[in-house]
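Dear colleague,

Please find below the structure that I am handing over to you. My findings follow directly after it.

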Amino acid sequence: MSLQYGPPEEYVKPERGPNTAKYLLNVNELDSLIARLFRVSRINPPGYLGGLNQEAFRFLTVENGEAGAWGLRQQ
């Protein structure tokens, strides 16, 4: 499994063998999905995420293009 930050790019799958499963998680696409789920479910992101400790909050807001739409700002 690989993680990718930033805009989706063409993913070059590493060769490890013919029967090896390969997975890519693009964090920015996941952030966009969560932002959409907040909108359609009418969840208030600051209310839902407001109880996070500083490290968790930093993790969610650094390099997260959706954080502004969530009403979250770097502490």
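Predicted model: local features only at pLDDT ≥ 70, side-chain atom pairs only at ≥ 80, totals over all residues.

Residues are numbered from 1 along each chain as its sequence is written, and side-chain values use heavy atoms, with hydrogens and water left out.

The structure holds one aromatic pair. (Rings of Phe, Tyr and Trp, the last by its six-membered ring, pair if their centres lie within 6.5 Å; planes under 30 degrees apart count as stacked, over 60 as edge-to-face and the rest as tilted.) The pair links distant parts of the chain, with Phe-38 in helix α1 (residues 27-41) and Tyr-48 in helix α2 (residues 45-49), 10 residues apart. Helices (H or I, at least four residues) and strands (E, at least two) are DSSP runs, numbered from the N terminus.

Asn-26 belongs to strand β2 (residues 24-26) and is buried, at 4% relative accessibility. A polar atom of the Asn-26 side chain lies 3.0 Å from the backbone nitrogen of Asn-28, and the side chain of Asn-26 also reaches the backbone nitrogen of Glu-29, at 2.8 Å. At the start of α3, a side-chain oxygen of Asn-53 comes to within 3.1 Å of the backbone nitrogen of Glu-55.

Finally, the lining of the largest pocket includes Tyr-5, Asn-28, Arg-58 and Glu-63. A pocket here is an open set of points on a 1 Å grid over the protein atoms alone, where a 1.4 Å probe fits, with protein on both sides within 12 Å along at least five of seven lines; lining residues have an atom within 4 Å of a point. Helices α1 and α3 (54-61) each supply at least two lining residues, and the largest share, four residues, comes from α1. Glu-63, one of the lining residues, takes a positive phi of about 55° just after α3.

With kind regards

How values were computed:
Buried < 20%, exposed > 50% of the residue type's maximum accessible area, 1.4 Å probe, protein only. Polar contact = N/O pair within 3.5 Å; in protein donor to acceptor, adjacent residues only side chain to side chain.
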